[in-house]
Amino acid sequence: MKSKNLVALALLAGMGVVLHAITPGIIMGLKPDMMLTMMFLGIILFPDKKSVLLMGLVTGLLSGLTTTFPGGLFPNIIDKFATAFIFFGLLMLLKKIKAQSALAIVLTAIGTIISGIIFLTSAYFIVGLPDAFLAMFALGVLPAAGFNTVLMIILYPIAQSISKRTKLNEQALHS
């Protein structure tokens, strides 16, 4: 893995942890996880297994350390790791689609929902999540999917432009 790729991934993870840390908890410490957008953007820009592994582990650990959800460290690590590879799989499956911007936006919404389901399910089994799964999904995961989708609408064209100008990664998705 090239050092410039590592620096770019670290910057995305750093921006993600700031967004995650300043976002307040909504219900029982559950908060919209905008770190996912940065993880997804990193995977889109660097679509290789090593980058996906790195982003999944790093964002999982960072979001786990900054969570306000009781016992949320391990559910965050499990969630980001699994979601990173599911997102990557969907991205590779659909990479032939010409409208890459639309693909990034739709996959961000889908990925956020998948992430929320994995997080809440693992939290249920690890920390004994109370019978509030549907409420947490509706009040935490769905708003996060909306926020992350809007954030990707804003950030994807910027990242795409920077990637093209700097030739950050020749494998990156371009429209």
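**View 1. H1 and H3 run roughly parallel to each other (an angle under 35 degrees)**. In this predicted model, local features need pLDDT of at least 70 and side-chain atom pairs count only at pLDDT 80 or more, while totals for chains, interfaces and linings use all residues. Residues are numbered from 1 along each chain as its sequence is written, and side-chain values use heavy atoms, with hydrogens and water left out. The axes of H1 and H3 (residues 49-65) cross at roughly 25° and come within 10 Å; axes are lines fitted to C-alpha atoms over the stretch in contact, with angles from 0 to 180 degrees between N-to-C directions. Helices here are DSSP runs (H or I, at least four residues), numbered from the N terminus. On the H1 side, the contact (heavy atoms within 4.5 Å) includes Leu 6, Ala 13 and His 20, and on the H3 side it includes Ser 51, Met 55 and Leu 62. Sorted by class, that contact has 9 nonpolar, 3 polar and no charged residues.

**View 2. The largest pocket holds about 220 Å³ of space**. A pocket is an open set of points on a 1 Å grid, with protein on both sides within 12 Å along at least five of seven lines; lining residues have an atom within 4 Å of a point. Volume is the space filled by probe spheres set on the points, which are joined across faces, edges and corners. Its lining is made of 12 nonpolar residues, with no polar and no charged ones. H1 (3-22), H2 (35-45) and H6 (133-166) each give at least two of the lining residues.

**View 3. The largest cavity has about 190 Å³ of space**. A cavity is a set of grid points where a 1.4 Å probe fits but cannot get out. H5 brings the largest share of the lining, 5 residues.

Technical notes. Ala, Val, Leu, Ile, Met, Phe, Trp, Tyr, Cys and Pro count as nonpolar, Asp, Glu, Lys and Arg as charged, and the others, Gly among them, as polar. Angles under 35 degrees count as roughly parallel, over 145 as roughly antiparallel, 65 to 115 as roughly perpendicular and the rest as oblique.
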